[in-house]
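Subject: Structure handover

Hi,

Here is the structure I promised to pass on to you. Please open it in your viewer, and my notes follow below.

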Amino acid sequence: MSEDRETAGKAGDTAPGEARGATLRGVVTYLIGLGLAGGLTAMSFWVAATGVFWQPGVAIGLCVLAVAQIGIHLVFFLHLTTGPDNVNNALAVAFGVLIIVLVGAGSLWIMSNLNANMMPMDAMTNLQIQH
């Protein structure tokens, strides 16, 4: 009877589906992700604050660093992989990206259309003077 308790205690040390030592690997994975995310954040602040880069290219560089940051978060913190058990997660992320792109592109299109169809400023001031 005491042997059953000992084996049950050993089997209960880890969560179902986890092998021994998985916790250490998980912590190492999080620390690598934290280091990469912190490095990308510091690089973003450095790119924005320094005058080394061509000024119109800074915004593009920050966008590239932001996309890299998103990738780091998806892989190291949300554990999004290409495994067969993560297909639904990958589809959810793809759908979210599609919605963000549609909202962003639609907003830019509407603002551009409003800007093109707006009355020129000098005509607006003439209207205000006439009234």
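Leaving out residues up to four places away in sequence, which residues does His79 touch? They are Tyr30, Leu74 and Asn86. Please keep in mind that this is a predicted model.

The chain contains five helices and zero strands, and along the sequence the pattern reads α-α-α-α-α. Of its 131 residues, 12% are buried. Among contacts with a separation of 6 or more, 48% are between residues 24 or more positions apart.

Helix 2 and helix 3

Helix 2 covers residues 22-49 and helix 3 covers residues 57-77. Their axes lie 10 Å apart, and the packing angle is about 170°. Since angles over 145 degrees count as roughly antiparallel, helix 2 and helix 3 are therefore roughly antiparallel to each other. Sorted by class, the contact between helix 2 and helix 3 has 16 nonpolar and six polar residues, with no charged ones.

The aromatic pairs

A pair of aromatic rings is described by the distance of the centres and the angle of the planes. There are two aromatic pairs in the structure. One of them is formed by Tyr30 and Phe77, which are stacked with 6.0 Å from centre to centre and 15° between the planes. Tyr30 belongs to helix 2 and Phe77 to helix 3, so this pair ties together parts that are 47 residues apart in sequence. Tyr30 has a relative accessibility of 38% and therefore counts as partly exposed. Phe77, at 24%, also counts as partly exposed.

The other pair is Trp46 with Phe53: the ring centres are 5.5 Å apart and the planes stand at 85°, so this pair is edge-to-face. Trp46 is partly exposed at 47% relative accessibility, and Phe53 is partly exposed with a relative accessible area of 37%.

Back to His79

Where does His79 sit? It is in the loop between helix 3 and helix 4. His79 has a positive phi of about 55°, although it is not a glycine. With 36% relative accessibility, His79 counts as partly exposed.

Asn86

Asn86 is in the loop between helix 3 and helix 4 too, and helix 4 spans 87-117. Is Asn86 buried or exposed? Its relative accessible area is 10%, and buried means under 20%, so Asn86 is buried. The side chain of Asn86 makes a polar contact of 2.5 Å with the side chain of Thr81, and another of 3.1 Å with the side chain of Asn89. Residues up to four places away in sequence aside, Asn86 touches His79, Leu80 and Thr81.

That covers my notes, and I hope you enjoy looking through the model.

Best wishes

Conventions:
Residues numbered from 1 in each chain as written. Predicted model: local features only at pLDDT ≥ 70, side-chain atom pairs only at ≥ 80, totals over all residues. Heavy atoms only, no water. Axes fitted to C-alpha atoms, helices over the stretch in contact; angles between N-to-C directions. Helix = DSSP H or I, 4+ residues; strand = E, 2+ residues; numbered from the N terminus. Parallel < 35°, antiparallel > 145°, perpendicular 65-115°, else oblique. Nonpolar A, V, L, I, M, F, W, Y, C, P; charged D, E, K, R; others polar. Phe/Tyr/Trp six-rings, centres within 6.5 Å; stacked < 30°, edge-to-face > 60°. Buried < 20%, exposed > 50% of the residue type's maximum accessible area, 1.4 Å probe, protein only. Polar contact = N/O pair within 3.5 Å; in protein donor to acceptor, adjacent residues only side chain to side chain. Contact = heavy atoms within 4.5 Å.
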